[in-house]
Amino acid sequence: MGLLAYLKTQFAVHLLIGFVFVVSGLVINFVQLCTLVLWPINKQLYRQLNCRLAYSLWSQLVMLLEWWSCTECTLFTDQATVDRFGKEHVVIILNHNFEIDFLCGWTMCERFGVLGSSKVLAKRELLYVPLIGWTWYFLEIVFCKRKWEEDRDTVIEGLKRLSDYPEYMWFLLYCEGTRFTEKKHRVSMEVALSKGLPVLKYHLLPRTKGFTTAVQCLRGTVAAVYDVTLNFRGNKNPSLLGILYGKKYEADMCVRRFPLEEIPLDEKEAAQWLHKLYQEKDALQEMYNQKGTFPGQQFKPPRRPWTLLNFLSWATVLLSPLFSCVLGVFASGSPLLILTFLGFVGAASFGVRRLIGVTEIEKGSSYGNQEFKKKE
């Protein structure tokens, strides 16, 4: 085991990475708060600044994937689609099966220059997660309670507000509504059978309201829908903790571009289009499981140095005073100061672990299990 591989497994190193992420995130959130004064004066300048501030935070996570774990991401698509990446507003439909599926999406956003301006239709609980939810708030992310009767007006208003966004944005939709688990899949397929809809093997039944509303509200802004089907070679089930420990994964993403004009205007027809899309996604996953590959030409967009340089800049600024403080604490010989410092380390460790826990499947929401529970 080399020195770098050894360091990747050390808890102290993980704490330092977490320290840089958390403290830089708090600094970024404070600066974002200060930019609110720009909103009534120059809304587009506010947005452009916040895209770059968000990039400085999100790119630290992308750095872990690209440079720390050296995970490789391969696209399966066509040249014409690749040529449009980062040059148009789009809606992204991504399967929600893995703990780091969002991170694989972000690395593609970064490589095509839209990481800071990437959007998502997110569950409202994430708004209250420090750093993540706070940064999203300043980015005008659309939050929902996943109860359409309560969400409708909020979602429509939030989507329409993005119609004049100055940066090219990729708007992510997890149409399944929640991350895939076997229990949620059983419930979902019971619902599909009761409604006469096709049974899916690798996906949950897509929830059509968010998709049809997004397409309707963003017509004239969004040029296309990108359907992205993600899987990992070797039947791996990667985690953010695995990335932190330096484990290398190989992600494959099949990307299909659908011009928005091909999606029906009528809500029911658009919903049927989405159900058909998920049948095709299921077939793609079946092919991948049998052949170990997706159809289409393979592309490996090169990683860019900016994520690494951004992290090293923050680390240089933040770790120097931290080390000076630690040396001062232990040099003082004061039991109170030392105990206080150790308490701070424990609290920091707990906080970083909680942030990682947001991505873990076993700690995911119970959304999607409710009907099953009622039957029980």
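Is Asp227 buried or exposed? In this predicted model, Asp227 is buried, its relative accessible area being 0%. Asp227 also takes part in a salt bridge with Arg256, where the closest N and O atoms are 2.8 Å apart. Arg256 belongs to strand β7 (residues 250-259) and Asp227 to strand β6 (residues 224-232), so the pair ties together parts that are 29 residues apart in sequence.

**Salt bridges**

The count of salt bridges comes to 19. Side chains of opposite charge can pair when their charged atoms come close.

| Pair | N to O distance |
|---|---|
| Arg256 and Asp227 | 2.8 Å |
| Lys209 and Glu267 | 3.0 Å |
| Arg84 and Glu88 | 3.9 Å |

The side chains of Lys209 and Glu267 meet in a salt bridge. Lys209 sits in helix α9 and Glu267 in helix α11 (residues 267-291), so this pair ties together parts that are 58 residues apart in sequence. Lys209 is partly exposed at a relative accessible area of 37%, and Glu267 is partly exposed at 40%.

In the pair formed by Arg84 and Glu88, Arg84 counts as partly exposed because its relative accessibility is 40%. Glu88 has a relative accessibility of 8% and therefore counts as buried, the cut-off for buried being under 20%.

Salt bridges also join into a network, which links Lys43, Arg47, Glu140, Arg161 and Asp164.

**Helices α7 and α9**

Helix α7 (residues 148-161) and helix α9 (residues 208-217) have axes that come within 10 Å and cross at roughly 30 degrees. Angles under 35 degrees count as roughly parallel, and α7 and α9 are therefore roughly parallel to each other. Their crossing is right-handed. On the α7 side the contact is made by Trp148, Val155, Ile156, Leu159 and Lys160, and on the α9 side by Lys209, Thr213, Ala214 and Cys217. By class, the residues of this contact divide into six nonpolar, one polar and two charged. Lys209, part of the contact with α7, is also the residue that forms a salt bridge with Glu267.

**Helices α3 and α5**

How do helix α3 and helix α5 lie relative to each other, and at roughly what angle do they cross? The axes of helix α3 (residues 43-68) and helix α5 (residues 101-111) come within 9 Å and cross at roughly 110 degrees. Angles of 65 to 115 degrees count as roughly perpendicular, and α3 and α5 are therefore roughly perpendicular to each other. The crossing of α3 past α5 is left-handed. From α3, the contact involves Tyr55, Trp58, Leu61, Val62, Leu65 and Glu66, and from α5 it involves Leu103, Cys104, Trp106, Thr107, Glu110 and Arg111. These residues divide into eight nonpolar, one polar and three charged.

Why is α5 described as largely enclosed by the rest of the structure? Nine of the 11 residues of α5 are buried, so α5 is largely enclosed by the rest of the structure. The buried residues are Asp101, Leu103, Cys104, Trp106, Thr107, Met108, Cys109, Glu110 and Arg111. Charged residues are among them, including Asp101 and Glu110. Just after α5, Gly113 takes a positive phi of about 80 degrees.

Note on methods
Residues numbered from 1 in each chain as written. Predicted model: local features only at pLDDT ≥ 70, side-chain atom pairs only at ≥ 80, totals over all residues. Heavy atoms only, no water. Axes fitted to C-alpha atoms, helices over the stretch in contact; angles between N-to-C directions. Helix = DSSP H or I, 4+ residues; strand = E, 2+ residues; numbered from the N terminus. Parallel < 35°, antiparallel > 145°, perpendicular 65-115°, else oblique. Left-handed = near helix turned anticlockwise from the far one by under 90°. Contact = heavy atoms within 4.5 Å. Salt bridge = Lys/Arg side-chain N within 4 Å of Asp/Glu carboxyl O. Buried < 20%, exposed > 50% of the residue type's maximum accessible area, 1.4 Å probe, protein only.
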